[in-house]
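Have a look at the model first.

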Amino acid sequence: MANGYLSCSFYIFMNQWRGIGILYFLKTTRETFALKIPLLEVKDLKKMLVTNNSMVFADYKDRIDVIYFSEYSYLDVLYYVRDRVHEGYYLLSHPLSGSIKPNETPYKTVMIKGNNKQLDLDSLSIIEGSIETTKKFISNKARPQWTKKILQDFQLIDYYLIQAAIDSMEQS
């Protein structure tokens, strides 16, 4: 108490819409001060892209929250999206969009949005069905070993599919 402080305490806070940080409380003999120090600011977790496509990540990372997994497979992206659906997110784009089969391309981008922790049964049904369909395609025929150029083409197709979905949402 030599410098006038009675107590100091801190709490780590995590708010899914704003970020993660530390909240300090400093109590003196006269008043109490609160200091919020953000450690991770979140742009808008209500909408986010989940992708394993570096092209999507590079172009959208400064405009919308992007969860990017460079080492994830197509199926891994779907599993991650399913886990978010269980946490209260719902699908804004279909996990099996486009005409390219899941066993042909390694790239997938899905857009999701939060809805206050309520389980959206339609999204759950769609993502679970998409996972089963993807597993069926993969078990029936393995993905070929594509050249770098063809893989870049698949990245571009995935990029244009999500770009069209985002443009459509912005117009409505």
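## Around R143

R143 touches N103, E104, T105 and P106, leaving aside residues up to four places away in sequence; contact here means heavy atoms within 4.5 Å. The C-alpha atoms of R143 and T105 are 7.3 Å apart, though 38 residues separate the two along the chain. You'll find R143 in the loop between helix 3 (121-140) and helix 4 (148-171). Helices (H or I, at least four residues) and strands (E, at least two) are DSSP runs, numbered from the N terminus.

R143 is partly exposed, with a relative accessible area of 34%. For reference, buried is under 20%, exposed is over 50%, and partly exposed is in between (1.4 Å probe, protein chains only).

This is a predicted model, with local features needing pLDDT of at least 70 and side-chain atom pairs pLDDT 80 or more, while totals for chains, interfaces and linings use all residues. Residues are numbered from 1 along each chain as its sequence is written, and side-chain values use heavy atoms, without hydrogens and water.

## Strand 7 and its partners

Strand 7 (residues 109-114) is mostly covered, with 5 of its 6 residues buried. Strand 4 (residues 47-51) runs antiparallel to strand 7, joined by 5 bridges; pairing takes at least two bridges found by DSSP. K47 sits opposite K113.

Strand 6 (residues 89-91) is also antiparallel to strand 7, with 3 bridges. There, Y89 has G114 as its bridge partner.
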